[in-house]
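Please read the following report beside the sequence and the model.

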Amino acid sequence: QHSAQVLLLECLNADAEMSAVMEVEPGAPLFHSRILHLENDVPLQLEERWVNAPLAPDYLQQDFTRSTPNAYLTAVAPLERAAYSIEARQPDRETTRLLAMSAHEPCLLLIRRTWSRGQVVTAARLWHPGSRHQFTGQL
């Protein structure tokens with residue numbers, strides 16, 4: 001059973017780093033969220049996401065305890081392409097605490113950007129406890 005805790009939901013202006021990542025002008029409006037996803041009450045993923053505000057204008061009004069950001073974003077900005085990398089990383093103390101991990105356990109970090117209609121819609125950092133997660137797939 002999936003559940004989620006919304007830790008942060010805000011509007012901000014793109015700094016130099018995020019303007020490059022999101023391919024927008026510095027100062028452009030972005031939405032930023034941090035959501036802890038759980039499966040059967042066990043932390044599974046810490047999602048930190050930046051959203052191109054004009055492409056998903058109602059993002060901040062969504063109830064992400066009832067539906068996922070992906071469900072909303074797919075509806076308003078259909079996926080055109082995505083780029084991602086997966087890394088093993090040592091999380092900071094706050095991430096370790098939120099994901100209920102032991103002090104020296106590594107995370108699998110999925111870094112992803114998605115595009116719709118030729119524009120970056122989102123950039124996300126998805127932290128997963130290394131001992132409780134694996135990535136698999138087929139093409």
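## Gln5 in strand S1

Gln5 lies in strand S1, which spans residues 2–13, where helices (H or I, at least four residues) and strands (E, at least two) are DSSP runs numbered from the N terminus. With a relative accessible area of 39%, Gln5 is partly exposed; buried means under 20% relative accessible area, exposed over 50%, and partly exposed in between, using a 1.4 Å probe and protein chains only. Leaving aside neighbours within four places in sequence, Gln5 is in contact with Arg34, Ile35, Leu36 and Leu38, contact being heavy atoms within 4.5 Å.

## Basis and confidence

This is a predicted model, in which local features need pLDDT of at least 70 and side-chain atom pairs count only at pLDDT 80 or more, while totals for chains, interfaces and linings use all residues. Residues are numbered from 1 along each chain as its sequence is written, and side-chain values use heavy atoms, with hydrogens and water left out.

The mean pLDDT of the chain is 95, and 99% of its residues reach 70 or more; pLDDT is the predictor's confidence in each residue, from 0 to 100. Confidence is lowest in strand S4 (residues 81–89), at a mean of 95, and highest in strand S6 (residues 119–129), at 98. Where pLDDT is low, the predicted coordinates should not be read in detail.

The largest pocket holds about 190 Å³ of space. On a 1 Å grid over the protein atoms alone, a pocket is an open set of points where a 1.4 Å probe fits, with protein on both sides within 12 Å along at least five of seven lines, and lining residues have an atom within 4 Å of a point. Grid points are joined across faces, edges and corners, and a volume is the space filled by probe spheres set on the points. Of the 13 residues that line the largest pocket, Asn70, Thr74, Leu79, Arg112 and Thr114 are the closest to its centre. Helix H2 (69–76), S4, strand S5 (107–116) and S6 each give two or more residues to this lining, which divides into seven nonpolar, four polar and two charged residues. In this classification Ala, Val, Leu, Ile, Met, Phe, Trp, Tyr, Cys and Pro count as nonpolar, Asp, Glu, Lys and Arg as charged, and the others, Gly among them, as polar.

The second largest pocket has a volume of about 170 Å³, and at least two of its lining residues come from each of helix H1 (16–22), S5 and S6. Its lining includes Glu17, Trp50, Arg112 and Ala124, and by class it has six nonpolar, no polar and four charged residues.

Arg112 is found in strand S5. Beyond its neighbours within four places in sequence, Arg112 is in contact with Arg49, Ala83, Tyr84, Thr122, Ala123, Ala124 and Leu126. The C-alpha atoms of Arg112 and Ala124 are separated by 5.3 Å, although the two residues are twelve places apart along the chain.

Met22, in helix H1, is buried, with a relative accessible area of 0%. Its contacts, leaving aside neighbours within four places in sequence, are Leu30, Trp50, Val51, Asn52, Val120, Val121, Thr122 and Ala123.

## The buried face of H2

In H2, Pro69, Tyr72 and Leu73 are buried. Seen down the axis of H2, these buried residues fall within an arc of 95°, so they line one face of the helix; the arc is that of the directions from the helix axis to the C-beta atoms. What covers the buried residues of H2 includes strand S2 (29–39), strand S3 (42–52) and S6.

## Loop residues

Asp41 sits in the loop between S2 and S3 and has a positive phi of about 70° although it is not a glycine; with a relative accessible area of 64%, Asp41 is exposed. Arg117, in the loop between S5 and S6, has a positive phi of about 55° and is not a glycine either; at 58% relative accessibility, Arg117 counts as exposed.

Pro91 lies in the loop between S4 and helix H3 (93–98) and is buried, with a relative accessible area of 9%. Not counting residues up to four places away in sequence, Pro91 touches Thr96, Met101, Glu105, Pro106, Cys107 and Trp127.
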